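Open the model in your viewer and keep the selection tool at hand. The tour goes stop by stop.

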Amino acid sequence: MKKCTMLLLALIALALLTVLAACRQTGGEEDHSGAGNAKPVIYLYPEEETEVSVQLDFQGTLTATWPAYPDGGWQVRALPDGTLYDEEGGSYSYLFWEGVTDREYDFSEGFCVAGADTGEFLRRTLSEMGLTPREYNEFIVYWLPKMQENPYNRIAFQRERYTDSAQLTITPAPDSLLRVFMAWSPIEEPVEMVPQTFQPLQREGFTVVEWGGAEVR
């Protein structure tokens with residue numbers, strides 16, 4: 001009887017250790033738990049009033065777009081200040097889309113930021129990348145409420161891992177293009193990460209800027 005009880009306790013302890021190991025947060029690795037929701041917006045800044053076509057090839061399922069994404073992509077009239085008009089005369093500040101995907105994002109480099117410091121971190125980092133105050137403030141207003149109360153946030157700005165899964169075809173082709181996509185996850189304890197470096201956007205000619213993100217759990 002004692003042997004059976006000891007065996008049962010050992011099995012329970014092994015199961016608990018397995019669960020704890022699975023729940024550990026790590027800094028320098030890919031995340032295989034799924035990418036959650038992506039919510040990018042796209043700004044268009046031509047040098048003069050221009051008819052622009054934007055097509056999105058997303059490896060996932062679109063759940064919302066604004067203005068509505070038609071067959072063949074968005075067709076808008078863009079002004080130099082970023083104002084967009086659709087064919088019915090509706091006015092927009094940017095093109096918006098949202099989708100779900102099982103894409104695995106890369107956390108081999110990035111940042112571990114205390115929740116209370118996240119707002120200032122985003123302002124500084126997005127400015128360094130080349131976003132304007134209007135653009136980075138709209139980014140921060142969207143994401144900060146989801147991040148500031150967490151003990152820490154693990155943040156990695158994606159490159160090809162994102163752009164290859166959400167390809168844009170823009171006509172006429174932009175002279176300058178910046179696509180900022182932040183994969184992040186809330187964590188309880190700080191982790192060490194290899195910091196990312198960025199080449200700031202040089203805005204020349206027809207400029208397109210996109211920002212978005214995904215919470216990864």
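Which residue in S12 does arginine 154 stand opposite? Select serine 185: arginine 154 faces serine 185 across the pairing. Bear in mind throughout that this is a predicted model.

**Stop 1: strand S10 and its partners**

Stay with strand S10, residues 152-157. S10 and S12 run antiparallel and share six bridges. Then show the surface around S10. Five of its six residues are buried, so S10 is largely enclosed by the rest of the structure.

**Stop 2: helix H2**

Select residues 118-129, which form helix H2. This helix has 12 residues. From first C-alpha to last, H2 reaches 16 Å, close to the 16 Å expected at 1.5 Å a residue.

Which residues of H2 are buried? Colour Thr118, Gly119, Phe121, Leu122, Thr125, Leu126 and Met129. They cover an arc of only 155° around the axis, which puts them on the same side of H2.

**Stop 3: salt bridges**

Side chains of opposite charge can pair when their charged atoms come close. How many salt bridges does a search of the whole structure find? The search finds seven. Three of them are worth a visit.

Begin with arginine 203 and glutamate 135. Their closest N and O atoms are 2.6 Å apart. The pair links distant parts of the chain, 68 residues apart. Arginine 203 lies in the loop between S12 and strand S13 (207-215), while glutamate 135 belongs to helix H3. Glutamate 135 is buried, with a relative accessible area of 0%.

Next, select glutamate 210 and arginine 179. Their side chains meet in a salt bridge of 2.7 Å, N to O. This pair also links distant parts of the chain: glutamate 210 is in strand S13, arginine 179 is in strand S12, and 31 residues separate them. Both glutamate 210 and arginine 179 are buried.

Finish with arginine 217 and glutamate 215. Here the closest N and O atoms of the salt bridge are 2.5 Å apart. Arginine 217 is exposed, at 65% relative accessible area. Glutamate 215 is partly exposed, at 24%.

**Stop 4: valine 216**

Move to valine 216, in the segment after S13. Is valine 216 buried or exposed? At 2% relative accessibility, valine 216 counts as buried, since the cut-off is under 20%. Now draw a distance from valine 216 to glutamate 104. The two are 112 residues apart in sequence, but their C-alpha atoms are 9.0 Å apart in space.

**Stop 5: the five-stranded sheet**

Strands of a sheet pair through backbone hydrogen bonds, either parallel or antiparallel. Switch to an open sheet of five strands, in the order S7-S6-S5-S3-S11. Its pairing is antiparallel. Which are the edge strands? They are strand S7 (91-92) and strand S11 (166-171), each pairing on one side only.

Zoom in on strand S5 (residues 74-78) and strand S6 (residues 84-85). They pair in the antiparallel sense over two bridges. Select arginine 77, and you will find tyrosine 85 of S6 opposite.

**Last stop: the whole chain**

Zoom out and show everything. The chain has four helices and 13 strands. Of its 217 residues, 43% count as buried. Among contacts with a separation of 6 or more, 84% are between residues 24 or more positions apart.

Notes: Residues numbered from 1 in each chain as written. Predicted model: local features only at pLDDT ≥ 70, side-chain atom pairs only at ≥ 80, totals over all residues. Heavy atoms only, no water. Expected span 1.5 Å × (residues − 1). Buried < 20%, exposed > 50% of the residue type's maximum accessible area, 1.4 Å probe, protein only. Arc of directions from axis to C-beta. Contact = heavy atoms within 4.5 Å. Salt bridge = Lys/Arg side-chain N within 4 Å of Asp/Glu carboxyl O. Pairing = 2+ DSSP bridges.
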